[in-house]
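Thanks for asking me to look this one over.

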Amino acid sequence: MLSGVDWDDGVRRFEAAGERGSTAYISGLEVDTGEHPAAHAFHVTVAESRYSECLAAKSLLDSGPDVQDRVLGAIQQGSRGFARTAPPTMVSACVAVISSENRLLALRRSLAVRTFPGQWTVGINESMKYSDEPGREEDLFGLVRRGLQEELGMEEGDYGKVAISWLGWSNAAGCYVLVASVRSTLRSSEIDESRNRCHSVYEHDLTAWLPITRSQISKIIENSEPGPDRIHNWSYLAPLVASEVWRFRDVV
C-alpha cells in the first residue's frame with residue numbers, strides 16, 4: 001500500500017541509522033460472524049516485518065493527510081482486503097491490568113526513553129515478536145501473557161482469563177493495535193513489588209492505581225486533564241484502552 005520511492009528511502013534511512021530488528025504484523029484476517037452457533041472463528045495470519053519498515057510506515061503516515069486518507073480508504077473496503085495490502089508494521093498490545101482491589105494500573109513512560117517520554121498509559125504495551133521456527137509462533141494471547149510477564153513479572157496464576165476485546169488499525173500508532181484486559185489475584189502493592197524486579201522496569205518511572213469509576217474513566221477517554229502526576233498527558237491510545245476497560249468491567 002505504501003510501496004514507492006518514499007517508502008524505500010525511509011526503510012534505508014532507518015536501517016542506516018541502526019534501527020534494525022525483527023517484529024511481526026498481521027497479513028491476513030478471517031472473521032466468522034457466528035451466524036451458526038457452532039461457527040465462531042477468528043483466524044489471524046502473521047508475517048515477519050523489520051523495525052525499519054515499521055518506522056518508515058509511521059513516518060509516511062505522519063507526513064500528511066493524503067497518506068492517512070489512502071489507508072483509511074483501504075480499511076473502508078473491508079478488513080480482509082486491507083490486511084493483505086497493509087504496510088508491514090507491527091502489532092502493539094495494550095493490556096489493562098485490574099488489581100484484586102478493583103484498581104486500574106496506570107504507568108508513566110520514563111522521561112529518559114526515546115519514544116513518548118512522560119506519557120501515561122493505561123496498563124502495559126508490548127509488541128508481537130516473529131519466529132519462523134515451527135511451534136514457536138506467538139499468537140495474540142501469547143503476546144498478552146508475555147507482556148504481563150516481561151513488564152510486570154506476572155505469571156499465568158497471577159490473573160484470570162485474558163479478555164481481548166478490540167483489534168484494529170491505528171493511524172496514530174501506524175500499526176495494528178490489540179486491547180486486552182485482565183483481573184489479577186494480586187493486590188496493587190504486590191504487583192508493584194513484582195514489577196520492580198523486572199528487567200524492563202526502567203521503561204516507566206511512575207505508577208498509579210486508579211478507581212474504575214465513570215468519572216475517572218471519562219476523564220481518560222475525554223483526555224481533558226493531565227495524567228495522575230497532574231503534569232504529563234495521557235498517551236493517544238489511553239482513551240481507547242480506558243473505553244474497553246469500562247465496556248468489559250463485568251467480564252474480566
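**Notes on the model**

1. N102 sits in the loop between β3 and β4 (103-109), where helices (H or I, at least four residues) and strands (E, at least two) are DSSP runs numbered from the N terminus. Although N102 is not a glycine, its phi is positive, about 65°. With a relative accessible area of 33%, N102 is partly exposed; buried means under 20% relative accessible area, exposed over 50%, and partly exposed in between (1.4 Å probe, protein chains only).

2. Some ground rules before going further. This is a predicted model, in which local features need pLDDT of at least 70 and side-chain atom pairs count only at pLDDT 80 or more, while totals for chains, interfaces and linings use all residues. Residues are numbered from 1 along each chain as its sequence is written, and side-chain values use heavy atoms, with hydrogens and water left out.

3. There is another backbone angle to check. F116 lies in the loop between β4 and β5, and its phi is near 50°, a positive value in a residue other than glycine. Most residues other than glycine have a negative phi. F116 counts as partly exposed, at 37% relative accessibility.

4. Now the overall fold. The protein has eight helices and nine strands, and its C-alpha atoms fill a box of roughly 50 × 50 × 40 Å along the principal axes. A compact globule of 252 residues would have a radius of gyration near 18 Å, and the protein agrees, with 18 Å; that radius is taken over C-alpha atoms, and the globule rule is 2.2 Å times the number of residues to the power 0.38. Buried residues make up 47% of the 252. Of the contacts (heavy atoms within 4.5 Å) with a separation of 6 or more, 68% are between residues 24 or more positions apart.

5. How much space lies in the largest pocket? The volume is about 1000 Å³. The lining of the largest pocket has 35 residues, and the closest to its centre are Y51, R109, T115, F116 and S127. For the method: on a 1 Å grid over the protein atoms alone, a pocket is an open set of points where a 1.4 Å probe fits, with protein on both sides within 12 Å along at least five of seven lines, whereas a cavity is a set where the probe fits but cannot get out; lining residues have an atom within 4 Å of a point. Grid points are joined across faces, edges and corners, and a volume is the space filled by probe spheres set on the points.

6. Which elements supply at least two residues each to that lining of the largest pocket? They are α2 (51-61), β3 (91-98), β5 (120-122), β6 (124-127), α5 (140-152) and α8 (238-247). Helix α2 gives the most, with four residues. By class, the lining of the largest pocket divides into 15 nonpolar, 12 polar and eight charged residues. Here Ala, Val, Leu, Ile, Met, Phe, Trp, Tyr, Cys and Pro count as nonpolar, Asp, Glu, Lys and Arg as charged, and the others, Gly among them, as polar.

7. The second largest pocket has a volume of about 270 Å³. It is lined by 13 residues, of which V44, V46, E138, D139 and L140 are the closest to its centre. Both β2 (42-50) and α5 supply at least two residues of this lining, and β2 gives the most, with three. The lining of the second largest pocket has eight nonpolar, one polar and four charged residues.

8. On the cysteines, a search of the whole structure finds zero disulfides, a disulfide being a pair of cysteine sulfur atoms within 2.5 Å. C54 is buried at 5% relative accessibility, and C198 is buried at 10%.

9. Last, a look at S200 and its partners. S200 is found in the loop between α6 (188-195) and β9 (204-211) and is buried, at 7% relative accessibility. Leaving aside neighbours within four places in sequence, S200 is in contact with E150 and E151. E150 belongs to helix α5 and is buried at 17%. With the neighbours within four places in sequence again left aside, E150 is in contact with E126, K129, C198, H199 and S200.
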